Protein chains: 4
Amino acid sequence: MAFQAEPYARKVFYYETDRMSIVHHSNYIRWFEESRLDFMRQAGLPYEAIEREGILMPVTDVAAKFLSSSRYGDTVLIQPAMTAFNGVRASFRYEVRLPDGKLLATGTSGHCFLDERTRVPLNLKKRDPASYELLRRLTEPDGAQAGKEEDKR
Amino acid sequence: MAFQAEPYARKVFYYETDRMSIVHHSNYIRWFEESRLDFMRQAGLPYEAIEREGILMPVTDVAAKFLSSSRYGDTVLIQPAMTAFNGVRASFRYEVRLPDGKLLATGTSGHCFLDERTRVPLNLKKRDPASYELLRRLTEPDGAQAGKEEDKR
Amino acid sequence: MAFQAEPYARKVFYYETDRMSIVHHSNYIRWFEESRLDFMRQAGLPYEAIEREGILMPVTDVAAKFLSSSRYGDTVLIQPAMTAFNGVRASFRYEVRLPDGKLLATGTSGHCFLDERTRVPLNLKKRDPASYELLRRLTEPDGAQAGKEEDKR
Amino acid sequence: MAFQAEPYARKVFYYETDRMSIVHHSNYIRWFEESRLDFMRQAGLPYEAIEREGILMPVTDVAAKFLSSSRYGDTVLIQPAMTAFNGVRASFRYEVRLPDGKLLATGTSGHCFLDERTRVPLNLKKRDPASYELLRRLTEPDGAQAGKEEDKR
């Protein structure tokens with residue numbers, strides 16, 4: 001079974017609101033990142049450890065749907081999950097909720113792995129087998145398989 | 001034929017870079033907004049005029065694909081286009097390029113229209129017919145039709 | 001004696017770093033705000049309660065000195081204190097430290113109180129005596145006096 | 001006479017506003033940076049050229065006073081000037097105005113020069129004499145002298 005991280009709790013900051021009195025949508029993209037890095041830390045593979053190995057994990061795509069708005073004074077709970085991983089690419093999805101369970105937003109992100117110096121894509125299975133094995137175990141049931149399929153295209 | 005706006009030219013700001021030495025991906029979502037509002041201004045319907053009518057145009061969804069990175073010192077050109085509009089919803093797409101034509105990112109955004117006070121969705125055709133007619137003319141060839149189709153679902 | 005709030009602990013977010021690999025200095029100004037609002041919440045006067053009364057508390061001045069840098073992976077502790085308050089103006093100071101006590105930055109901010117609708121300055125003592133009394137008790141020993149002096153000029 | 005740069009014109013971005021409907025104060029600190037780097041570019045010494053020499057120019061202190069607010073739809077004009085420079089430290093001041101001349105904010109920033117690799121302070125006069133001479137000529141009448149005085153303390 002996939003690793004189930006604790007949801008990431010985050011107070012809304014005043015400067016994240018805009019003149020509609022709600023949180024500006026771009027901040028949800030930043031919250032996804034905060035929750036993804038918290039997920040990796042919970043799983044025992046903090047992102048700073050990956051960067052210390054000279055590996056970067058940039059975002060290749062991101063998407064979000066906004067169902068309801070959040071405001072200053074709210075605490076939001078962001079639940080990330082790793083949906084696919086094959087050593088070359090990784091995918092996450094996210095749900096942002098209020099503490100009462102109300103769904104505010106959903107989203108996804110895709111990632112690759114790069115050598116920090118050359119910025120050339122790398123296969124984590126070859127470059128850092130220990131991190132590869134750890135991340136594989138974090139993926140949802142059919143995620144590793146899905147990742148392989150996706151990579152064949 | 002659809003309205004063709006001038007691309008929106010934007011220097012990369014130093015504070016938009018992150019410790020990968022490239023622009024953080026969340027800023028592209030902000031650039032999409034900058035270019036969308038510039039597009040509306042060019043078209044003769046500045047967003048502040050819409051808000052003065054008590055109408056908000058929030059983002060309901062956003063997506064981006066990142067193909068190559070931008071850095072401090074770059075000027076990027078963002079070309080927005082309105083892909084659908086039916087008075088209830090509006091859709092845009094975006095291309096971010098370097099001045100030499102190199103494609104850095106593509107994206108889309110979806111929007112609805114709300115009454116500022118009640119935050120209830122509204123139909124721009126009824127609430128503000130002049131703005132409705134203006135926005136209709138900005139849509140790409142089959143956009144108005146596509147918008148109608150999408151709304152039936 | 002003045003109210004002593006718990007320091008505000010904050011993880012550095014990846015997107016707060018810049019291409020120098022350190023946190024961009026503008027984010028410290030945002031951290032000051034986060035810690036100030038946390039201070040008010042701890043003191044029993046959450047800022048959203050003030051805004052519900054139709055009162056705004058904008059920043060009239062801000063300053064920071066940067067002694068050492070913070071990085072992704074750090075948790076910083078921000079200790080705010082209210083240094084002056086007289087109903088018309090309020091002043092805070094801030095210290096940002098690493099958990100080992102190393103001082104990263106110091107700062108100050110000044111504030112006034114405005115009516116949300118008219119944007120005219122107001123005296124909290126007249127407009128909201130309960131909040132006035134509460135804030136007075138949060139001020140450091142000679143703060144209330146200092147505030148009065150400052151206001152005479 | 002000191003170098004007089006063209007003021008830096010900047011449209012307010014929607015996401016820079018907060019729920020007070022005005023630009024969040026932290027963005028002025030970012031505007032100071034934008035205008036400072038524009039000033040250096042105008043003067044013939046773009047900051048990316050300094051970084052290419054392996055030199056960083058971090059902010060050691062920053063301050064701002066906010067006199068009036070700006071809103072979405074505004075274009076602000078930021079006039080930077082270099083007030084002191086001695087090869088070890090540099091100081092700037094800033095004025096933010098509306099096009100009609102109304103003063104919105106004033107500010108200052110201080111800077112040192114660091115070796116990018118070692119992060120040790122350096123003297124630009126020794127490390128990069130050409131940039132040193134260029135920056136010296138940008139300083140206001142008594143700036144070079146003032147800078148020397150400050151450095152003796």
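The structure is a predicted model, in which local features need pLDDT of at least 70 and side-chain atom pairs count only at pLDDT 80 or more, whereas totals for chains, interfaces and linings use all residues. Residues are numbered from 1 along each chain as its sequence is written, chains are lettered from A and ligands numbered from 1 in the order in which they are written, and side-chain values use heavy atoms, with hydrogens and water left out.

Contact residues of chain C (contact: heavy atoms within 4.5 Å) recur in chain B at 100%, and the same surface serves both copies.

Two cavities of 30 Å³ or more are present in the structure. A cavity is a set of points, on a 1 Å grid over the protein atoms alone, where a 1.4 Å probe fits but cannot get out; lining residues have an atom within 4 Å of a point. Grid points are joined across faces, edges and corners, and a volume is the space filled by probe spheres set on the points. The largest cavity holds about 330 Å³ of space. It is lined by 27 residues, of which A:Arg30, B:Arg30, C:Asn27, C:Arg30 and D:Arg30 are the closest to its centre. Helix α1 (26–42) of each of chains A, B, C and D supplies at least two residues of this lining; helices are DSSP runs of H or I with at least four residues, and strands are runs of E with at least two, numbered from the N terminus. By class, the lining comprises four nonpolar, twelve polar and eleven charged residues.

C:His111 is located in strand β6 (residues 103–112) of chain C. With a relative accessible area of 1%, C:His111 is buried (under 20%, 1.4 Å probe, protein chains only). Its side chain makes a polar contact of 2.8 Å with the side chain of C:Ser109, a polar contact being a pair of N or O atoms within 3.5 Å, one able to donate a hydrogen and the other to accept it. Not counting residues up to four places away in sequence, the residues touched by C:His111 include C:Arg36, C:Met57, C:Phe92 and C:Tyr94.

Terms used: 1 Å grid on protein atoms, 1.4 Å probe; cavity = no way out; pocket = protein on both sides within 12 Å on 5 of 7 lines; lining within 4 Å. Nonpolar A, V, L, I, M, F, W, Y, C, P; charged D, E, K, R; others polar. Buried < 20%, exposed > 50% of the residue type's maximum accessible area, 1.4 Å probe, protein only.
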